[in-house]
Amino acid sequence: MDARTNPAKATPKSLRTRARILDAAMNLFAEVGYHAATNAVIAEAAKLTRGAMLYHFATREELVEAAVAHIELQRAKLLERAGSTPAGPGVDAAEHAIDSYWTLLHETPFIAFAELEAAARTDPMLREQLASAQSAFDHAQVGGDRFGALVQAGADPRFQASRDLGRFLLEGLARGAMTYEVDARRDRLLQIVKRAVRMLNRKGDIQDLWD
């Protein structure tokens, strides 16, 4: 039972407490991981007693459901903010969006969501809770109306491929474990992603991935 079905949980004080719990959960998922961020650990971070925590979230499943929705809302806000920031003079819109998304992937809501996706591989309950948010984000197609343009919008399979290429390569790169020459290798890969997206969209005279 939550604020949607229990009016007592919809008071300003209760809503502030819920927000504090969900912020603590998101931060802890990003910092220590999903499994280490137990309900008790989250309650302590939110400066709540066990009883107060149970009042708002009686089970792990209730907390996870609300936390996923909270994290997805925070991701959407960051996307909207990034999408409202235009590329600078002389900067290609697709390259600007790639740089913007790369930055977003290192923000707490995106790190927390990536941690949940990793943990969901072996946690059926978490996997079920994530499914709707994953589908909504995938259908929003980073680069569509919501975010400006990771690549040029369009229904053509080529445009879809360029969106997916940019998005999934960046996400994989953000989660990768480089151990040497990190900055140089990362920067080279980011430049190649940009060139590949431009080639798929037939923008300019770029014909070679390696400059």
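Which helices do the buried residues of helix 1 pack against? What we have here is a predicted model, and in it those buried residues pack against helix 2, residues 39-45, helix 3, residues 50-56, helix 4, and helix 6, residues 108-120. The residues in question are Ser14, Thr17, Arg18, Ile21, Leu22, Ala24, Ala25, Met26, Leu28 and Phe29, which are buried in helix 1. Helix 1 itself covers residues 12-31, and its 20 residues reach 28 Å from the first C-alpha to the last, close to the 28 Å expected at 1.5 Å a residue. Just after helix 1 comes Gly33, which takes a positive phi of about 100 degrees.

Let me turn to helix 4, residues 60-83, and its packing with helix 7, residues 124-140, where the angle is about 20 degrees and the axes lie 10 Å apart. With angles under 35 degrees counting as roughly parallel, helix 4 and helix 7 are therefore roughly parallel to each other, and helix 4 passes helix 7 in a right-handed crossing. From helix 4, Arg60, Glu61, Val64, Glu65, Val68, Glu72, Arg75 and Leu79 meet Met125, Leu126, Gln129, Leu130, Ala133 and Phe137 of helix 7. Sorted by class, that contact has 8 nonpolar, 1 polar and 5 charged residues.

The other pair I want to show is helix 5, residues 93-104, with helix 8, residues 157-175, which pack at an angle of about 35 degrees with their axes 10 Å apart, again in a right-handed crossing. Here Ile98, Tyr101 and Trp102 of helix 5 make the contact with Arg167, Leu170, Glu171, Leu173 and Ala174 of helix 8, and these residues divide into 6 nonpolar, no polar and 2 charged.

Technical notes. Residues numbered from 1 in each chain as written. Predicted model: local features only at pLDDT ≥ 70, side-chain atom pairs only at ≥ 80, totals over all residues. Heavy atoms only, no water. Axes fitted to C-alpha atoms, helices over the stretch in contact; angles between N-to-C directions. Helix = DSSP H or I, 4+ residues; strand = E, 2+ residues; numbered from the N terminus. Parallel < 35°, antiparallel > 145°, perpendicular 65-115°, else oblique. Left-handed = near helix turned anticlockwise from the far one by under 90°. Contact = heavy atoms within 4.5 Å. Nonpolar A, V, L, I, M, F, W, Y, C, P; charged D, E, K, R; others polar. Expected span 1.5 Å × (residues − 1). Buried < 20%, exposed > 50% of the residue type's maximum accessible area, 1.4 Å probe, protein only.
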